[in-house]
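Open the model in your viewer and keep the selection panel at hand. This tour tells you what to pick next and what you will find there.

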Amino acid sequence: MEFYDVVVLGAGPAGLAAGLSSYEEGANTLIIEREKYPGGILKQCIHDGFGLVEFKERLTGPEYAERFIKMVRNKKIPILTSTFVTSIKKEEEIFILSVVSKDGIIKVGAKAIILANGCRERTSKQIGIHGTRPSGVMTAGLAQYFVNIMGYLPCKKCIILGSGDIGLIMARRLTLEGAKVLGVYEVKNSPSGLTRNIVQCLNDFSIPLYLSKTITKISGDDRVEGVEICDVDENMKPIKGTEKFIECDGVILSVGLIPENEIAESLNVEIDNATKGPYVDQNFMTKVDGIFSCGNALHVNDLVDYVTESGRLAGKSAAKYASSKYKRALNPIEIPLNKFLYAVPQYIDINSDNNKVVMYLRSRDIVKNVKVIIKSRNEILYEKRYTHLNPPEMERIVFDFNRSSLNDYSIKILMQEG
Amino acid sequence: MEEFTCIICPNGCKIKVEKIEDGFKVEGNICKRGYEFAINEMTNPKRSLCTTVKTSYKDFPRLPVKTDREIPKDMIFKVMEEINKINLTHMVKSNDIIIENVLGTGANIVSTCDMELIFKEE
Amino acid sequence: MNGGAVLGRIEKIQGEIINSVSKNIFCAEKRNSILLEGEVETYEEVIKAGKLATNRGYKGVINNIKVKGLTLPSRKHPKLIDNKLERKKVDVLIIGGGVIGSAIARELSKWEISILLIDKEDDLAVHASSRNNGMIHPGIDPNPKTKKAYYNVQGNKLYSKVAKELDVSFERCGNIVLYDAWYGKIISPVLKLRARLNGVEGMKYLSKRETKELEPYIYDDFIGSVIFPTTGIVSPYKMTIAFAENAVLNGAEVSLNTAALSIKCEDRKIIYVDTNRGRIFPKIVINAAGVHADEIAEMADDRFFTIHPRKGHILILDKKKGQFLNSIVSKPAINQSKSGTKGGGVTKTIDGNILVGPDAVEQPFKEDYSTNKENIDNIINKHFPILPLISPSDIITYFSGNRAATYEEDFIIEKSEYVKNLIHAAGIQSPGLASAPAIALDIEKMAVEVLSTMMEVKPKEKWNPYRKGIPELFKMSEKERNEYIKKRPDYGIIICRCEEISKGEIVDAINSPIPVNSLDAIKRRVRPGMGRCQGAFCTPSVAKIIEENANKNILEITKKGGESYLVVEETKKGGGAQFGIL
């Protein structure tokens with residue numbers, strides 16, 4: 001059996017950054033990737049807009065991935081591709097991974113594990129679309145693979161359900177490649193994707209965006225023949241009598257992403273219902289000692305730059321943990337869920353010598369002119385005024401805390417008007 | 001008069017621009033960057049274009065490419081037509097030029113992928 | 001049951017139907033069955049009239065009542081037309097490649113006869129045989145002395161043997177029927193008696209504590225249960241495919257995308273069957289056409305029954321919740337209708353998922369598998385409380401199926417009384433899967449009997465009852481799995497991450513004895529895309545493996561045959577200018 005200090009699951013942007021920083025921190029590191037090539041989903045995200053924070057440049061997905069792949073290769077950090085982790089067991093203080101590849105099953109030992117498995121797309125049945133089940137209904141990510149990697153159009157005349165970023169990006173891609181996108185339908189009363197994408201992917205190509213509407217039924221036996229569209233009320237329930245039939249040969253779904261945490265759950269890692277990813281502390285360690293989480297497996301990000309950052313921070317922490325284990329004291333961060341969708345991390349380890357917290361949060365609603373305050377007992381750790389908070393656009397904040405003043409006190413996040 | 005949604009910052013101002021005698025009348029912006037954005041959109045909207053070209057490699061049938069600078073928005077489909085004529089028969093690296101000065105726009109179509117890097121087995 | 005016309009009987013039924021259903025319905029006698037015609041306002045009236053005419057001394061109910069304004073779609077047929085089977089002569093033609101037709105083909109392959117099984121779909125087990133929960137019922141539900149009761153109990157007993165011979169995973173997981181206080185008191189003597197009459201072995205009462213030991217995660221609001229330990233679980237489509245493959249390995253022929261379009265009879269004998277792929281001349285025909293069995297009977301002028309499709313919906317939950325259930329658990333509703341099944345429950349499948357459902361809805365469309373919110377919500381409300389640890393967010397998908405119910409609500413397993421060379425295996429609704437092995441043995445006997453009047457029928461000397469299934473690597477020990485991968489490295493390349501399915505298994509499916517190459521057909525055999533991502537990740541990889549191994553272009557690959565293409569055209573078709581020599 002081979003032993004490593006740190007094993008990273010996933011060679012997408014999170015895993016590559018985690019592997020790099022773990023290695024740079026001196027840990028003997030291995031990256032395991034289930035696909036044939038590293039780079040993760042960035043390989044098919046051929047549009048630009050990546051790296052503005054990380055490299056101060058506007059890169060495409062493949063370019064962004066390439067930079068990290070090159071760094072990892074230059075440092076000769078091993079990546080096992082076409083390799084799949086079937087299970088992880090903890091034996092005493094060591095994690096034993098069962099790893100399958102064309103060479104058979106091998107066991108790999110690790111002091112720390114970083115979960116960087118990314119996320120998957122919600123499917124039509126998972127959001128309760130009914131009707132028949134013809135060919136031509138697919139997630140935006142699958143459509144993106146067909147068009148960008150394989151060079152095939154999955155449909156000629158389609159509608160897109162959900163205004164998530166991948167859906168908007170695919171509206172433009174399909175249009176550029178000669179398909180007709182009849183419209184983007186969003187069940188909520190505001191778009192889920194970034195404004196930049198609404199403007200450049202829809203408005204530029206005169207693709208209509210319909211808010212407060214959804215698909216209630218799909219028709220067609222072999223291929224999609226059309227969909228039934230309905231207006232929805234304020235509770236997003238379809239309104240009877242507003243049904244309208246639209247003829248099309250494809251339905252592309254961009255209705256949300258879910259962090260992939262099946263391996264985490266098998267290790268009894270506790271999952272936050274708000275993020276669908278693990279609870280972590282400021283070192284990106286989950287509630288199980290030695291297991292770290294980052295990137296879209298932790299929570300769904302809108303910018304790859306933050307995926308990279310969380311991977312880098314997780315990698316550094318995991319390497320440190322592998323070199324000297326420590327006992328944690330986790331204080332919860334309290335967050336009003338009526339104001340925020342979530343904040344990550346959800347805990348502060350007050351025993352850690354890292355007293356700098358990088359926090360990612362999303363407001364629940366579109367709000368204007370608010371203050372976000374982070375405080376402990378009576379001490380204000382952070383305060384910032386926002387003219388505009390929008391749920392699709394994640395906010396990143398950084399604050400320090402003083403260990404001694406934090407004992408037994410939780411940290412509270414507040415949102416105030418003003 | 002035209003209306004644009006500003007994409008400079010998350011505020012997403014709806015900005016109205018009108019051509020007047022000695023310049024432009026701009027409304028709805030809350031900052032100077034919005035003002036410039038709106039006038040650019042009105043007078044000379046430009047976009048970068050990211051797409052793919054066909055290759056003759058069975059395991060890599062499409063190479064991702066981009067324009068290395070922005071091109072006029074109304075040229076996008078014409079440039080796509082040029083790009084769609086290509087059939088790449090050799091390996092390229094990132095930034096290798098696939099089409100030089102496409103349709104006289106001054107922009108090159110360049111590769112955004114190092115094919116060898118992808119092909120290389122770990 | 002089979003008495004001829006009795007004076008005044010038809011008038012009595014006519015009167016009752018006029019009084020309680022509609023005056024626009026007309027009853028008549030046809031041979032020894034009752035024929036209903038006319039036009040009514042709703043489908044409920046059609047069903048009601050059919051039920052009123054049932055078990056009134058006629059052989060069967062031919063219900064041709066129409067609903068005003070409702071045109072039923074005709075049977076869906078493949079668009080393919082060719083001459084593959086033109087003037088083909090076979091000893092036995094089996095119409096229908098569900099579990100019944102496939103099991104019959106397998107049993108008949110013991111004999112030195114030529115067998116052709118046709119199915120109009122792109123694969124076997126496309127309809128009811130893949131649209132159920134895989135339960136092998138113990139035989140307690142059917143009324144004693146029905147064919148259903150007999151075949152169910154006999155079929156159940158045969159399962160251990162056939163599953164082993166055909167290398168299909170099968171487990172006697174048992175099923176637990178929970179009861180609360182007064183329900184238990186009422187039902188227990190009835191169950192006991194029925195178990196004895198039907199021959200169901202091993203039924204046992206369990207206290208709440210004993211029940212909880214078997215199923216620790218079920219809810220608390222019950223006082224005890226009855227367990228039927230002979231109940232089993234199997235993958236219904238893998239079972240169907242295994243029967244058919246074993247038949248093929250023993251010389252039978254399977255022709256997919258082949259629909260029976262009409263039947264030519266002369267002198268009460270089938271002369272030929274016209275299909276979209278040519279005219280077939282069979283010595284005998286076996287009708288195993290599921291929901292369409294009455295239409296096939298009609299083609300041969302032997303219609304004496306009516307299939308009224310009863311739809312059931314089933315929800316599939318994420319495998320990660322599989323740990324909270326070990327068997328099949330149901331809590332019967334007090335006011336269940338006599339014709340419905342026992343009302344569904346929660347089922348742990350052989351592959352580790354939990355299924356919830358099915359329900360039972362009478363509706364007129366035989367091939368409509370669409371779902372609607374109301375039915376799905378009803379199932380959630382009814383059965384999710386059994387397992388408090390499951391929630392709607394665990395649902396990965398749902399589907400529906402149509403039970404091929406007759407008004408008599410019993411199986412029709414018999415030689416035609418009217419057509420000399422026709423045998424019916426019809427009206428096979430639940431528990432048809434459980435009954436299949438026993439039904440097949442009896443149909444085999446009947447077929448050999450009829451054939452023997454026309455030719456010499458000898459047993460096949462080298463009949464092989466065994467068939468090797470595709471290895472299921474994720475279920476193996478690491479040692480065994482390693483050995484497989486060493487032999488074929490493709491078994492180590494995971495394509496479907498959710499279900500842990502390797503490239504090797506997918507290649508095996510493509511090259512199996514009945515070659516298939518649609519995504520759904522491969523899914524039925526080895527499960528890629530069955531998991532939580534529903535193929536969002538693995539679809540392109542599976543498509544590529546099909547391209548390489550079935551010699552197909554991606555433009556020809558379908559989801560489920562017909563025109564269900566995955567992609568519609570290549571981009572950049574104009575790509576002519578070569579670029580490369582710089």
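Select C:Lys59 and C:Glu414 and show their side chains. The two meet in a salt bridge, 2.6 Å from N to O. A salt bridge here is a side-chain nitrogen of Lys or Arg within 4 Å of a carboxyl oxygen of Asp or Glu. This is a predicted model: local features need pLDDT of at least 70, side-chain atom pairs count only at pLDDT 80 or more, and totals for chains, interfaces and linings use all residues. Residues are numbered from 1 along each chain as its sequence is written, chains are lettered from A and ligands numbered from 1 in the order in which they are written, and side-chain values use heavy atoms, with hydrogens and water left out.

**Stop 1: the domains of chain C**

Now colour chain C by domain. Domain 1 covers 9–67, domain 2 covers 88–128 + 237–307 + 408–452, and domain 3 covers 473–556. These bounds come from an automatic or database domain assignment.

Keep domain 1 and domain 2 of chain C in view. Their centres, taken over C-alpha atoms, are separated by 29 Å. How many residues of each are in contact? Domain 1 of chain C brings 12 residues and domain 2 of chain C brings 10. Contact means heavy atoms within 4.5 Å.

The size of an interface is often given as the accessible area lost when the parts come together. Between domain 1 and domain 2 of chain C, about 960 Å² is buried, and carbon and sulfur atoms give 38% of that. Buried area is the accessible area (1.4 Å probe) that two parts lose on being put together, summed over both. Select C:Arg31, C:Lys59 and C:Ile62. In domain 1 of chain C they lose the most area to domain 2 of chain C, together 54% of what that side buries.

Next, look for the links across this interface. There are three salt bridges between domain 1 and domain 2 of chain C. Eight residue pairs are in polar contact there, with both residues at pLDDT 80 or more. A polar contact is a pair of N or O atoms within 3.5 Å; within protein, one must be able to donate a hydrogen and the other to accept it, and residues adjacent in sequence count only if both atoms are side-chain atoms.

Pick residues 61–63 of chain C. This is strand 3, and its three residues are the largest share of the side of domain 1 of chain C that touches domain 2 of chain C. Helices (H or I, at least four residues) and strands (E, at least two) are DSSP runs, numbered from the N terminus. By class, that side of domain 1 of chain C has two nonpolar, seven polar and three charged residues. Ala, Val, Leu, Ile, Met, Phe, Trp, Tyr, Cys and Pro count as nonpolar, Asp, Glu, Lys and Arg as charged, and the others, Gly among them, as polar.

**Stop 2: chain A against chain C**

Show chain A beside chain C. The contact takes 46 residues from chain A and 51 residues from chain C. About 4,300 Å² is buried between these chains, with 56% from carbon and sulfur atoms. Select A:His130, A:Arg133 and A:Tyr152. In chain A they lose the most area to chain C, together 16% of what that side buries.

Now pick C:Glu569 and A:Lys156. Their side chains form a salt bridge, 3.3 Å from N to O. Chain A and chain C share nine salt bridges. They also have 28 residue pairs in polar contact.

Which element of chain A gives the most to the side that touches chain C? Helix 3 of chain A does, with four residues. That side of chain A divides into 14 nonpolar, 14 polar and 18 charged residues.

**Stop 3: chain B against chain A**

Bring in chain B. Its domain 1 is 2–43 and its domain 2 is 50–119. Their centres, over C-alpha atoms, are separated by 32 Å.

Turn to the contact with chain A. Chain B gives 31 residues and chain A gives 34 residues. The buried area is about 2,900 Å². Select B:Lys73 and A:Asp204. They form a salt bridge, with the closest N and O atoms 3.3 Å apart. Four salt bridges are counted between chain B and chain A.
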